[in-house]
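Here is a fold to read in questions and answers. The structure comes first.

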Amino acid sequence: MSIKLTRAQVAQMLQITPKTLAQWEKSGRIPMAERDWRGWRLYDEEAVARIRQVLGNAPLESARSAEPAPEVRISARNQLHGVVKSIDGDGVLCEVTIELPGGQEIVSVITRSSVERLGLNVGVTAFALIKSTEVLLAR
């Protein structure tokens with residue numbers, strides 16, 4: 001008998017919200033979960049693997065054998081290359097500071113799961129991609 005996890009357990013394990021899982025089911029992004037006698041959603045190992053595939057952090061076997069993904073092109077023209085100087089944060093969010101070649105720094109606040117998924121650590125190279133509709137100046 002395989003282990004079945006509730007929506008809340010799966011959401012906590014994958015660092016997403018239970019509502020996100022429900023919305024993904026409703027939109028067809030992930031298969032509908034089986035339900036128990038109470039109406040609670042239950043996920044088996046295969047369902048969790050499919051959700052991980054949607055998140056992009058653990059593809060299924062069939063996806064692993066597929067052709068490599070094409071090169072991604074970004075529409076943001078402001079692409080700044082630098083080195084991660086620091087990563088600060090003890091909760092869901094982290095403040096990542098990237099030092100640019102001229103010594104300037106740029107800071108971004110992203111989720112801890114994004115830091116982990118991108119493999120960001122102090123000393124690794126990274127890009128800051130900037131896409132904005134407004135630039136505010138003050139004096």
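The turns below go from the whole chain to the sheet and then to a helix pair.

This is a predicted model: local features need pLDDT of at least 70, side-chain atom pairs count only at pLDDT 80 or more, and totals for chains, interfaces and linings use all residues. Residues are numbered from 1 along each chain as its sequence is written, and side-chain values use heavy atoms, with hydrogens and water left out.

Q: Which pattern does the protein chain follow along the sequence?
A: Helices (H or I, at least four residues) and strands (E, at least two) are DSSP runs, numbered from the N terminus. The protein chain has 5 helices and 7 strands. Read along the sequence, the pattern is β-α-α-β-β-α-α-β-β-β-α-β.

Q: What share of the 139 residues in the protein chain is buried?
A: Buried means under 20% relative accessible area, with a 1.4 Å probe and protein chains only. By that cut-off, the buried share of the 139 residues is 23%.

Q: In what order do the 4 strands of the open sheet lie?
A: Two strands pair if DSSP finds at least two bridges between them. Strand 4 (residues 78-88) and strand 7 (residues 125-130) are antiparallel over 6 bridges. Strand 4 also runs antiparallel to strand 5 (residues 93-99), joined by 5 bridges. The order of the open sheet is 6-5-4-7.

Q: Which strands are the edge strands?
A: An edge strand here pairs on one side only. The two are strand 6 (105-111) and strand 7.

Q: Which residue in the turn between strand 4 and strand 5 has a positive phi?
A: Strand 4 and strand 5 form a hairpin, with 4 residues between them. The turn residue with a phi of about 150° is Gly89.

Q: Which residue is the bridge partner of Leu80 in strand 7?
A: Strand 4 pairs with strand 7 in the antiparallel sense. There, the partner of Leu80 is Ala128.

Q: At what angle do helix 1 and helix 3 pack?
A: Axes are lines fitted to C-alpha atoms, for helices over the stretch in contact, and angles run from 0 to 180 degrees between N-to-C directions. Helix 1 (residues 7-14) and helix 3 (residues 45-55) have axes 12 Å apart. Their packing angle is about 40°.

Q: Which residues of helix 3 does helix 1 meet?
A: Contact means heavy atoms within 4.5 Å. Helix 1 contributes Val10, Met13 and Leu14. In helix 3 they meet Val48, Ile51, Arg52 and Leu55.

Technical notes. Buried means under 20% relative accessible area, exposed over 50%, partly exposed in between (1.4 Å probe, protein chains only).
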